[in-house]
Amino acid sequence: MNGFQLLPGRLDSEAQNDLVAELDKIFMAAPLFTPITPGGQPFSVRMTNCGSLGWVSDRAGYRYQAHHPVTGKTWPPIPSALLDLWAEHVDAQVPPDACLINLYGQGARMGLHQDRDEADFGFGVLSVSLGDTAVFRIGGTVRGGKTRSVRLSSGDVCILAGEDRLAFHGIDRVISGSSQLISGGGRINLTLRKAGPP
Ligand code: MD3
Ligand code: FE
């Protein structure tokens, strides 16, 4: 499996609602926080994690760590439905150790970036979109190259692997009111990864 693979509607509405219920429990154990770039700017996206490692950002840089940056607690476990998706679409032998949870409220976006904080880029990344539709942008591995726009709707799963694993990508905007899944509106994206060393 190689490149950017979009599985539209991979999760039906029952599976989406089940995941939202799991996320409500995760948010109680690991509250959403606002990461700060190494340059000192807050992200417009709020985040938390589940799994043995979580992605965090602050003045000291971007990294994966075993503890929540505010509570100091370990992250809650990854829901089994997500582990099953990973085993089916990414790797049946090696499970993910990190699940980053991004919450996009009104006006939140994510600038073009590469994901390069993981130990081994040979593993793919699996993303699950929930709630309002996102206008996602993906380019090549060189900043400033050609990009294309793809809509990510609630229940869509995408897998990034091989030649596109280091592609520049971001979220231009979220279309508010496009889904009723999340009370209060907004979008949640889950990214499953094998982040740590073997
Ligand atoms: C393309 N998240 O958390 S998910 C991120 O919707 C991130 O919250 C976006 O970019 C979001 O790092 C996009 C789709 C995605 C995830 C990982 C990728 C696209 C990717 C890795 C390489 C290339
Ligand atoms: Fe990313």
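## Strands around ligand 1

Strands, labelled E, are DSSP runs of at least two residues, numbered from the N terminus. In this predicted model, six of them each supply at least two residues of the shell around ligand 1: E5 (98-104), E6 (110-113), E7 (125-131), E10 (157-161), E11 (169-174) and E12 (187-193). Strand E12 makes the greatest contribution to this shell, with four residues.

## Residues of the shell

The shell around ligand 1 holds 20 residues, and those that come nearest are Asn102, Tyr104, Leu160, His169 and Arg187. By residue class, the shell consists of nine nonpolar, six polar and five charged residues.

## Polar contacts and cover

Side chains of the protein place N or O atoms by oxygen atoms of ligand 1. For histidine 169, the distance from such a side-chain atom to a ligand oxygen is 2.9 Å. For asparagine 102 the corresponding distance is 3.1 Å, and for arginine 193 it is 3.2 Å. On its own, ligand 1 has 500 Å² of accessible area, and the protein covers 98% of that area. The site of ligand 1 is the largest pocket.

## The iron site

Ligand 2 is an iron ion, coordinated by NE2 of His113, OD of Asp115 and NE2 of His169 at 2.0 to 2.2 Å. Along the chain, the donors of the iron ion have the spacing H-x1-D-x53-H. The two histidines link distant parts of the chain, with histidine 113 in strand E6 and histidine 169 in strand E11, 56 residues apart.

## Where the two ligands meet in the protein

Histidine 169 belongs to both descriptions. Its NE2 atom is a donor to the iron ion, and its side chain has an N or O atom 2.9 Å from an oxygen of ligand 1.

How values were computed: Residues are numbered from 1 along each chain as its sequence is written. Chains are lettered from A and ligands numbered from 1 in the order in which they are written. This is a predicted model: local features need pLDDT of at least 70, side-chain atom pairs count only at pLDDT 80 or more; totals for chains, interfaces and linings use all residues. Side-chain values use heavy atoms; hydrogens and water are left out. A residue is near a molecule or strand if one of its heavy atoms lies within 4 Å of it. A polar contact is a pair of N or O atoms within 3.5 Å; within protein, one must be able to donate a hydrogen and the other to accept it, and residues adjacent in sequence count only if both atoms are side-chain atoms. Accessible areas come from the Shrake-Rupley method with a 1.4 Å probe; for residues, only the protein chains shown count as cover. On a 1 Å grid over the protein atoms alone, a cavity is a set of points where a 1.4 Å probe fits but cannot get out, and a pocket is an open set with protein on both sides within 12 Å along at least five of seven lines; lining residues have an atom within 4 Å of a point. A molecule sits in a cavity or pocket if more than half of its atoms lie within 2 Å of its grid points. Ala, Val, Leu, Ile, Met, Phe, Trp, Tyr, Cys and Pro count as nonpolar, Asp, Glu, Lys and Arg as charged, and the others, Gly among them, as polar. Donors are N, O and S atoms within 2.8 Å of the metal (3.2 Å for Na, K and Ca); water is not among the atoms, so sites may look incomplete.
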